[in-house]
Amino acid sequence: MPKHETPMVDQLESGPWPSFVSEIKRQSEARHQKAKEMEEAGKPYQIPVDVCDDLLGVLEMSFKDGTTHWKHGGIVGVFGYGGGVIGRYCDQPEMFPGVAHFHTMRVNQPAGKYYTTEYLRQICDLWDFRGSGLTNMHGSTGDIVLLGTRTEQLEEIFGTLTHEMDQDLGGSGSNLRTPACCLGESRCEFACYDTQELCYQLTMEYQDELHRPAFPYKFKFKFDGCPNGCVASIARSDMSFIGTWRDEIRIDQEAVAAYIGGELKPNAGAHASRDWGPFDIQKEVIDLCPSQCMRLEDGKLIIDNKECVRCMHCINTMPRALRIGNDRGLSILVGAKAPILDGAQMGSLLVPFIKAEPPYDEIKEIIENIWDWWMEEGKNRERLGELIKRQGFQKLLEVTGIKPVPQHVQEPRHNPYIFWKEEEVPGGWQRDIKEFRKLHQR
Amino acid sequence: MTFVPSGYYNPDKPMEGRITDIGPRYYADFLPPVIKKNKGKWLYHEILEPGVLMHKAESGDEVYTVRCGSPRLLSVETIREICDIADKHCDGYVRFTTRNNIEFMVDSKDKLEALKEDLTSRKHPGGSYKFPIGGTGAGLTNIVHTQGWIHCHTPATDASATVKVVMDELFEEFQKMELPAKLRISMACCLNMCGAVHCSDIAILGYHRKPPIIDHEWLDNLCEIPLAVAACPTGAIRPTKTKITTESGEEKEVKTVAIKQERCMFCGNCYTMCPSLPLADKEGDGLVIMAGGKISNRISQPKFSKVVVAFIPNEPPRWPTLAKVMRKLVETYAKHARKYERFGDWAERIGWERFFELCELEFTHHLIDDFRDPAYYTWRQTTQFKF
């Protein structure tokens, strides 16, 4: 007999898509089954055995009354850190004591999210013993999310993670959030730099900023290996690092001919479930090029690379014929954020091209200049993008020492309301009214 | 419940033996050998069938990846099962994608069939697949989402349930690659958007429609009034004093806030700062559908999603209206868009007026932007339009 009747929640077990309800029930069943075994092994469950049952009960209640039953976090965490733990309490603890405390711990994921099973099993054992046994693989920011434990377990879990697994927590609150990257060079031919290495190195360099909130609000780094943008850095990170190149797309003309001739599958097979007719390079590649920089000449594909805007379409469509250039690096865009507070923002281009090579000193200098400005001028809960809007893109260029270039804008300004600086105007602004009156009567 | 100390923490001397600031594990220690060997030297990839990728390296090595969906919320029991599969077929390595898919990799083609068979054979007792294969190419991949009623204090809807419903409804699109281009659906259960869904082909967004209730008796004890006032983007909140009768029957004057309700846009930012201003409400809360955003720079530039359905009620457990709207949007897109056209590119080519007609969606005043300067740029400053 289940602890709570959950007829509505139960309806989410059917249907083909993996059921999260079945996941919670699976954990519930396992906990009840293994309670004795754990006890005998000297590892009795450290949070109530029926935590999963009570979670299902809370969810059923929310389904009935259409509202959440979780309260604001309050301040819980591990000693010396200001992030990594999200405090969570149920607003009906008497009915659902198993989830009275249901704190989340964010565990900093390895860059690219590759795992050995040995490591994952260690996480499972720890979380079975000291938590609910429920996780998110992974949270929106990228962390391994351990979902639901009690306050007194936090230090024990942190101690086990650091001492036995060489593993630290991720970020939360007004600090550097856990940086995340695409899988990059590890398994992608489009990667223009080593996203995993840059992600790891910056995460290590800024551990203090990640664990101890000193910022006006959250701050996110994300690393995309190419303009396809698989980790969505341009939409959701205060600093977005997107791989690019500035020389020529490498062309294998034989492979181009093979695509034209139908011997090679276009789009790496990405459209294979539907008959779109034979591949037409003119219609599907050349005519769709946003800068119209390609043409066919005697069966050869010619690219005017100077005019290329590196949208990746031709490379995505003919990956065996076209490859990213050799002079590779990344672009930095800044200020992306979701709508709260002042409306959503996309990242704005700040650095068109920079090499991404260890020890990444130039990149770090840009980051630190931006942080200095934002920490000085940013208001409470003001994201970087909002500060840039409030003080102007010019100010951002000034604090980073970056020279304005046409690449910074989609188009020049629509109005002549230019804030000239005094030193830009010959003779300065100090003028004598008496001199003026000599020429102009009152 | 006997408390079992880890032995690493002494509350009297919290700094003793403490290890901090060590960061994540080094990623290179977790790479499968074939990945490690060929890192940075990949030549090209092919999608052999939906959910199955082959990457070819300069060395001639190949790695075959099978991508599976997951509900993101995983029990350690299932993670152990994933480990068993990875141990059996993949030499003990596995990875997860940004969109919560699981990827099993093998280094030769002849290991592929057994792996695929193993994955598809596993089902939950309720009947759902544990590891459905798909999510590649011009199709639908997993929906990224947030916590909802499972774990969050600010949601206007549930996340896991709405995602389950939509993925059940569109399951065949996950298993195939027959759409004009890839389709990225994202879900966030309130405007805070932990999931940053605002640049998705289709975004499902939880949303409140009633201004906060003010818990006058407790507000000054639980909140910093100036922070609550400052939290409001439209300046609808001001400090005030009011006379109340407390729960114990005492008459007294308390410091609190007043809210100009007609100025509230239901963002919930005040509630984030002040627990005495709850917004959640059964009739008030529901979903907004946004569409036509993208992140990739391919062909067209990245763009924001636009609000196309102003409100869908919360209908747990299976949100039938949501499922119906999502199917209609995806089917109309699949039928009308040209090859390579993302959802938003298609809507822009045919014009949004035609989009509403084809998708049989009602256009109401709610869909006209009136939030600050960017609003003007979304109105039509031309005589070019379609009837």
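Biologist: Which residues of α2(A) meet which residues of α3(A)?

Modeller: On the α2(A) side they are A:F20, A:V21, A:I24, A:K25, A:Q27, A:S28, A:R31 and A:H32, and on the α3(A) side A:V51, A:C52, A:D53, A:L55, A:L56 and A:L59. Contact here means heavy atoms within 4.5 Å. The residues of this contact divide into 8 nonpolar, 3 polar and 3 charged; Ala, Val, Leu, Ile, Met, Phe, Trp, Tyr, Cys and Pro count as nonpolar, Asp, Glu, Lys and Arg as charged, and the others, Gly among them, as polar. The model is predicted, with local features needing pLDDT of at least 70 and side-chain atom pairs pLDDT 80 or more, while totals for chains, interfaces and linings use all residues. Residues are numbered from 1 along each chain as its sequence is written, chains are lettered from A and ligands numbered from 1 in the order written, and side-chain values use heavy atoms, without hydrogens and water.

Biologist: At what angle do α2 and α3 of chain A pack?

Modeller: Two packed helices are described by the angle between their axes and by the distance between those axes. Helix α2 (residues 20–40) of chain A packs on helix α3 (residues 51–65) of chain A at about 150°, with the axes 8 Å apart. Axes are lines fitted to C-alpha atoms, for helices over the stretch in contact, and angles run from 0 to 180 degrees between N-to-C directions. Helices (H or I, at least four residues) and strands (E, at least two) are DSSP runs, numbered from the N terminus.

Biologist: How far apart are the axes of α4 and α5 of chain A?

Modeller: Helix α4 (residues 117–130) of chain A and helix α5 (residues 154–165) of chain A have axes 11 Å apart, at an angle of about 160°. α4(A) is therefore roughly antiparallel to α5(A). Angles under 35 degrees count as roughly parallel, over 145 as roughly antiparallel, 65 to 115 as roughly perpendicular and the rest as oblique. The residues in contact include A:L126 and A:W127 in α4(A) and A:T160 and A:L161 in α5(A); the whole set divides into 7 nonpolar, 2 polar and 3 charged.

Biologist: What are the angle and axis distance for α6 and α12 of chain A?

Modeller: Helix α6 (residues 195–205) of chain A and helix α12 (residues 361–377) of chain A pack at about 50°, with their axes 12 Å apart. That angle makes α6(A) oblique to α12(A). A:L198, A:L202 and A:E205 in α6(A) meet A:I363, A:K364 and A:I367 in α12(A), a contact of 4 nonpolar, no polar and 2 charged residues.

Biologist: How many residues of domain 1 of chain A are in contact with domain 2 of chain A?

Modeller: The domain assignment gives domain 1 (7–164), domain 2 (181–246 + 332–408) and domain 3 (255–323) in chain A; such bounds come from an automatic or database domain assignment. In domain 1 of chain A, 10 residues are in contact with 15 residues of domain 2 of chain A. These two domains of chain A bury about 910 Å² between them, 45% of it on carbon and sulfur atoms. Buried area is the accessible area (1.4 Å probe) that two parts lose on being put together, summed over both.

Biologist: What area is buried between chain A and chain B?

Modeller: About 13000 Å², of which carbon and sulfur atoms give 59%. A:W17, A:H72 and A:R187 supply 8% of the area that chain A buries against chain B, more than any other three residues.

Biologist: Where is the peptide bond from A:M137 cis?

Modeller: Most peptide bonds are trans, and most residues other than glycine have a negative phi. The bond from A:M137 to A:H138 is cis, with omega near 10°, and A:H138 is in the loop between β4 (134–137) and β5 (144–149) of chain A. Another cis peptide bond joins A:I340 and A:L341, with omega about -5°. A:Q292, not a glycine, has a positive phi of about 50°.
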